[in-house]
Amino acid sequence: MSVSSVHSMPDAVVVAFARTPFTRSLVGGLAKASEFELANAVIRGVIDRGGVDPSLIDTIVMGEVLQGGGCIARYSALDLGLPVDTPAYDVGGWCTSGMVAIHQAVASIRAGMAHCVIAGGLNTPSRSPLAGEHFATTGITDTPIAPMHPGIGEMPALDLALLLGEGTATQFGLTRAEVDEWAARAHARACEAAEAGVLDAEKIAVDVGGQAVFDDELPSRELTLETLASMSSFLGEDCTVTPGNQTGLTDGAAAVLICEREFALAHDMPPLAEITGWSVVGSTPGDATRATIDATRRALDVAGVGLDAVDLFDVHDSYASIGVAYERSLGIDRDRLNVHGGGLALGHPYGASGTRVASTLINELQRRGGGVGAGAIVSAGGLGAAVVLNVLPPAE
């Protein structure tokens with residue numbers, strides 16, 4: 001395909017974004033909300049925020065993790081009263097799912113197959129079904145779930161703390177002090193953003209039993225450098241991963257409304273950001289952090305943007321070691337990376353986090369008057385995904 005034909009493809013722009021609060025699984029504010037309620041909330045949220053006529057939506061695609069089959073996106077399309085012929089489907093790529101949903105939306109728009117697509121994802125461990133006694137358990141709820149990847153040697157298939165968290169620290173030569181410092185910063189930044197109301201524009205309230213749930217529950221002022229240093233690693237005396245420098249088990253959902261630019265303008269939906277680059281890279285399960293770094297470089301190449309031209313980066317740091325390795329490998333100034341704490345502090349509803357990364361970048365860059373953002377996420381099973389956004393100044 002020639003360069004001229006690529007440039008003649010329609011532009012894909014984000015016109016709305018929304019996420020639920022991210023709350024603690026099993027005990028938090030969304031624990032009694034079903035996966036269908038969360039999906040409905042964010043899909044309705046972007047429809048309302050974008051001001052789009054539901055009959056104009058071509059497709060809904062949602063990343064779905066641990067929900068046991070079915071097709072939540074399709075259920076939502078029907079439940080919300082969209083035209084019955086509106087296709088809606090789910091994608092599964094573990095933690096990359098919500099970002100891959102965005103990729104698929106962009107691809108369909110640029111190929112001329114759609115003009116208006118809702119993309120996003122969700123995860124509700126509080127409501128995840130059993131998947132069989134022969135699978136490994138989480139160690140948190142003792143609920144059997146499908147494996148993220150085949151067992152490797154003596155490695156339990158679900159022990160990502162060892163394979164990915166500790167593995168990244170070992171591969172990149174990171175110390176316990178370095179990962180604790182990252183985690184302390186993450187929680188401090190997330191708390192500052194929450195207290196200032198900076199993240200409010202990302203979120204919608206969810207009604208659960210007559211009560212509106214709006215606040216993220218994981219960011220904590222108590223997770224200081226001193227308290228983090230006092231925690232023992234559950235992996236062994238010389239290991240770096242502790243309960244304080246990894247993210248928590250979280251319920252939540254997120255979505256974006258993506259349109260072809262001319263379609264958006266013709267229907268009075270001002271673009272917030274153009275999606276200019278995207279990539280997914282595979283690896284062995286233990287090298288997923290390297291895959292995410294490579295995915296970022298490839299997405300920037302697609303967008304024709306150099307690292308120095310990126311105003312803000314957001315990498316989903318389910319383990320602090322991922323954030324430090326990403327920063328070090330790409331040579332990013334820390335003041336451009338995870339400025340509001342990232343997923344370690346905000347939480348990680350697996351299928352939603354990739355969409356949350358993109359939304360956080362749009363929200364913050366719009367607050368700054370526009371700019372270039374690059375978002376990335378690491379996934380179990382050896383995947384890394386990235387997206388590049390040209391965020392426009394807010395409309396007058």
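Reader: Are Arg261 and Glu274 buried or exposed?

Author: This is a predicted model. In it, both Arg261 and Glu274 are buried. That label needs a relative accessible area under 20%.

Reader: What makes Arg261 and Glu274 a salt bridge?

Author: Their side chains meet at 2.9 Å, N to O. The cut-off is 4 Å, so the pair counts. The pair links distant parts of the chain: Arg261 is in helix H8 and Glu274 in strand E9, 13 residues apart.

Reader: Which salt bridge do Asp11 and Arg261 form, N to O?

Author: One of 3.2 Å. The limit is 4 Å, so this pair counts too. Asp11 sits in the loop between helix H1 and strand E1, 250 residues apart from Arg261.

Reader: Why is Asp11 called partly exposed?

Author: Its relative accessibility is 25%.

Reader: How many salt bridges does a search of the whole structure find?

Author: It finds 13. Another of them joins Arg176 and Asp180, with the closest N and O atoms 2.7 Å apart. Arg176 and Asp180 are 4 residues apart in helix H6, so about one helical turn separates them.

Reader: Why do Arg176 and Asp180 get their accessibility labels?

Author: Arg176 has a relative accessible area of 22%, so it is partly exposed. Asp180 has 3%, so it counts as buried. The line between the two labels is 20%.

Reader: How do you know that the reach of helix H6 is close to the expected one?

Author: H6 has 21 residues and reaches 30 Å from its first C-alpha to its last. At 1.5 Å a residue, 30 Å is expected. Just after H6, Gly197 takes a positive phi of about 75 degrees.

Reader: Why is the pair of Phe36 and Tyr75 called tilted?

Author: Start with the count: there are 2 aromatic pairs. In the pair of Phe36 and Tyr75, the planes are 55 degrees apart.

Reader: What makes Trp94 and Tyr350 edge-to-face?

Author: Their planes are 65 degrees apart. Edge-to-face needs over 60, so the label holds. Their centres are 6.2 Å apart. Both Trp94 and Tyr350 are buried.

Key. Residues numbered from 1 in each chain as written. Predicted model: local features only at pLDDT ≥ 70, side-chain atom pairs only at ≥ 80, totals over all residues. Heavy atoms only, no water. Helix = DSSP H or I, 4+ residues; strand = E, 2+ residues; numbered from the N terminus. Expected span 1.5 Å × (residues − 1). Phe/Tyr/Trp six-rings, centres within 6.5 Å; stacked < 30°, edge-to-face > 60°. Buried < 20%, exposed > 50% of the residue type's maximum accessible area, 1.4 Å probe, protein only.
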